[in-house]
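Please consider the sequence and the model shown here together.

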Amino acid sequence: MQHDEPIDPFNGDPADPSAGLEDLGEDPQLDPLSDAERQDVLEDLADLEIYQALLSPIGIRGLVIECEDCHEPHYFDWDLLRGNLRHLLNSGRPRVHEPAYDPDPDHYVTWEYARGYADGVHDTLSEGSDEDA
């Protein structure tokens, strides 16, 4: 049997990486984020600025997030993560993503670590100002 175009190697495969791409064109009206979801993304963006300011000087390049879909760690540089959050805020839909190519895990931390680090810096600065008063 002769084909005019290449055969799709993922035809019928439930793990087809292009699955759902047709859906993107069919529904131009996406559900916007709820007020609570929008607020969460805005808070994440604000937190990200703090984390970057505190962690970049010690060599941290971004955050690592455990992907709920593929159960693999995904490494995001500060700018990429900021762009993804802004895209989510504007479109109501997360960007399609893939794991970073050969990242050095030593240069990435989790949201929880970054939050704990920021809280520790805040507490230390607060203690210092209490002693001065």
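The paragraphs below begin with the basis of the model and then turn to individual residues. This is a predicted model, in which local features need pLDDT of at least 70 and side-chain atom pairs count only at pLDDT 80 or more, while totals for chains, interfaces and linings use all residues. Residues are numbered from 1 along each chain as its sequence is written, and side-chain values use heavy atoms, with hydrogens and water left out.

A disulfide is a covalent bond between the sulfur atoms of two cysteines. With the criterion of a pair of cysteine sulfur atoms within 2.5 Å, the structure holds 0 disulfides. The closest cysteine sulfur to that of Cys67 belongs to Cys70, and the separation of 3.5 Å is too far for a bond. Cys67 is buried, at 9% relative accessible area, whereas Cys70 is partly exposed at 34%; buried means under 20%, exposed over 50%, and partly exposed in between, with a 1.4 Å probe and protein chains only.

His71 lies in the loop between strand E1 (62-66) and strand E2 (73-77); strands (E, at least two residues) are DSSP runs numbered from the N terminus. Phi of His71 is positive, near 60°, in a residue other than glycine. His71 is exposed, with 58% relative accessibility.

Asp77 belongs to strand E2 and is partly exposed at 38%. Beyond its neighbours within four places in sequence, Asp77 has contacts (heavy atoms within 4.5 Å) with Arg61, Gly62 and Tyr108.

Definitions and conventions:
Helix = DSSP H or I, 4+ residues; strand = E, 2+ residues; numbered from the N terminus.
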